[in-house]
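This briefing accompanies the structure shown below. Please read the points alongside the sequence and the coordinates.

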Amino acid sequence: MRTQLKGPSGMNYHVTYDQTQCSGCLRCQLACSRTYVKCFQPSAARIQIDSRGGEYLAVFTEACVKCGFCADNCLFGALKKFPEEVAA
Amino acid sequence: MSMGGFAGKILNVDLSKKQVWTTPLTETMARQYLGGLGICIKLASEQIPVNVPPLSAESVFVLGIGPLVGTDLPSSSRVYAVAKLPASGTVGWCGAGGFTFGAQLKYAGYDHVIVSGKSEKPVYLHIEDDRVEIRDAGDLWGLGVDDTCDSICRDLDKQAGVLAIGPAGERKSAFAMAFVDRISTLGRGGFGAVMGSKNLKAIQVRGTGAATPADRKRFHKISRSIFNAFKEYPYLKEWRDMGMLKAFPIVPVDVYQRMKIRRAACVSCPVGCKDVIRIPDGPFAGLVKHTSSAINLFTPMIYGMKDPGEAVKLITDLDNFGLDMFEFFGLMGLARDLSASGVISLEHDEPKIDFQSLESMRAWAEKITFRQGTGALLADGFSAALERIGPDAKAVAPPLIKGMQPYAGPGAALPWDRFGTMELGQVLDPRGPHVGSGGSPTYFAVRPLETFPRHLKRMGVPDEAVSRILGPGLNQLNVGRLLRYSHSWFATLGSLGICARGQVNRFYNAELCAEAYEAATGIPTRTNDLGRRTERIWRTLRELNLREGLDESKEAIPRQWFKEAGFKEYLTGEPMTLEQAEEMKKEYFREWGWDQ
């Protein structure tokens, strides 16, 4: 079984997204890109938010390491993190 | 030295020649004018031709964002435009938060856009990183703002920011606005008409680049501390739940809660005071509206409309036409009074002007937008209407400032009668009356004077000026002197890109702004540096306007303000006099150190 990559915190999280609470502020993308590409670049973030239309969408890319930083930076309650087991 | 925060480029667009090119944003410009609003003003002073008619092909407008836009500094998404405005004939600023437009412009690689010339045919500007195209807008011309945004983004696979005008701007109504991401407005005074006069329907921008602070660690520490302050703010939930209704409870909360679908936020903002609402029932059930504040949607109820759903429908139509709603209602009042007194006659098939009737108001919005019948008389705003009708109209007209109706004052839309900085600012801001917060403690509330010293310090008022504003015993209030610093504080926030709304700027102070600016850009900046630079910014704006003919008539304080039921002194609530207001004006200029 493939080893799950760990985020900088050493933990992995299952992150849920509630589009009804999302404001489209993109703080999740700003936190992610700041952490992993060292600048504010939403297009390079490992969570992509689409706030067009009435129902928003969040997609975690394959590069996502489930660090949960996106949820840490969401003050709207749209993203929440739950610790998960790391597979050996 | 390359600056952090900034993209480092200015996009130039000549619609007559169909040319686009970039020029560098220099460090000298940034050091002197900070960014955002400040650099917009400087560029406008260089680019707007002398005595240019606002809606001519030769006119120029400047759009821009500050160095903090696109970063995670909380609530730093502001977009500014500076243009010579048709309603006032002055060079004024317009500002908006929007949704992602400002950040997208930064990520696309531009700090400012300068637009000159006039296209032969309707066009829109498409900016996608370094690909900039002037595209045909034939299919968009005539569409409302919402339909324009939907149509223009239909074929894009990702989100883009859009600045768009509606039919009112296309037809150059002097109170046409442009909309940022369909949710915020640029700007009172007819900025929409400026775009329309160039046959420019919209600007669409999408960027995949980055905003990079010069000192990442220091910037992160500052940004984090502000974020945590927001997080711990005990009233954050209330702001979220109620949006701007918390500040202006124009309808019962349960009415608003039934309509609210979701909160919307500018990029980086933890508050999210914008709304997406849906009319729940009635003939317009299902209509969805984005708005920069729900209070806008219920404004028709101030004028007598009873049903909230009808109010929302009317504002939706006004916004899609691209009309400034306050000027619309003001002109409706004027036309009603003039027709009632026989000065003008409505055409035989024109509906009665009835503020309580959605049908009436929608019909008139359409007539004004498309310049039909008496609508044509009103489409160019108060000044033009009064000029055409003659002296009998002036006797009935409300007090005007720079050709526009004030927000606050006797007979104005907003029920507020204390004379503070915003009220005096209606006269002394070159753009004319607006309801933007300058971060002053007198903004729409009577606050205890003992809170003022702390507030003034936060605004960056130098220690030695505090007693000039509040008196030696800190028990007086000199509104004129305070307005000088309110303008400076507003210029700080606007130049950096930070929202000036009260629920945001309360977390900022001048020292923090200087630190954030320095960490973002790498340009050494102390608190008093901000003061010097904002003085330069505001002086440049004033000198530009003096060049363009700003005179005493455009800065006259309306006499009607101090007649019966007029303005009251902020501190005492006692009726004010014109002489007191005139003295405040003089104090304002003295505090800047300017010859009036």
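The model is predicted, so local features need pLDDT of at least 70 and side-chain atom pairs count only at pLDDT 80 or more, while totals for chains, interfaces and linings use all residues. Residues are numbered from 1 along each chain as its sequence is written, chains are lettered from A and ligands numbered from 1 in the order in which they are written, and side-chain values use heavy atoms, with hydrogens and water left out.

**Helix H3 of chain B**

- Helices are DSSP runs of H or I with at least four residues, strands are runs of E with at least two, and both are numbered from the N terminus.
- Helix H3 of chain B covers residues 101-108, and eight of its eight residues are buried (under 20% relative accessible area; exposed is over 50% and partly exposed in between, with a 1.4 Å probe and protein chains only).
- The buried residues of H3(B) include Phe101(B), Leu105(B) and Tyr107(B), as well as Gln104(B) and Lys106(B).

**Nonpolar cores**

- A nonpolar core is a set of buried Ala, Val, Leu, Ile, Met, Phe, Trp, Tyr and Cys residues joined through side-chain atoms within 4.5 Å.
- The largest such core has 179 residues, and Phe328(B) and Tyr508(B) have the most contacts inside it.
- Another core, of 34 residues, lies apart from the largest one and has Ala81(B), Leu105(B), Val113(B) and Val132(B) among its members.
- Leaving aside residues up to four places away in sequence, Phe328(B) touches Phe175(B), Leu318(B), Leu323(B), Met361(B), Trp364(B), Ala365(B) and Ile368(B) (contact means heavy atoms within 4.5 Å).

**An open sheet in chain B**

- Three strands of chain B form an open antiparallel sheet in the order E13-E14-E15; two strands pair if DSSP finds at least two bridges between them.
- E13 (260-264) and E15 (288-291) of chain B are the edge strands, each pairing on one side only.
- E13(B) is joined by four bridges to E14 (residues 274-278) of chain B, and Val276(B) in E14(B) is the bridge partner of Arg262(B).

**Interface between chains A and B**

- The contact takes 27 residues from chain A and 39 residues from chain B.
- About 2500 Å² is buried between the two chains, with carbon and sulfur atoms giving 51%; buried area is the accessible area (1.4 Å probe) that two parts lose on being put together, summed over both.
- Arg27(A), Phe40(A) and Leu75(A) supply 29% of the area that chain A buries against chain B, more than any other three residues.

**Salt bridges**

- The structure holds 37 salt bridges over all chains (a side-chain nitrogen of Lys or Arg within 4 Å of a carboxyl oxygen of Asp or Glu), and the count between chain A and chain B is one.
- Arg34(A) forms a salt bridge with Asp72(B), with the closest N and O atoms 4.0 Å apart.
- Arg34(A) lies in helix H1 (residues 27-36) of chain A and Asp72(B) in the loop between strands E3 (60-65) and E4 (79-84) of chain B, so this pair joins two chains.
- Both Arg34(A) and Asp72(B) are buried.
- Arg542(B) forms a salt bridge with Glu555(B), the closest N and O atoms being 2.8 Å apart.
- Arg542(B) is buried at 7% relative accessibility, and Glu555(B) is buried at 3%.
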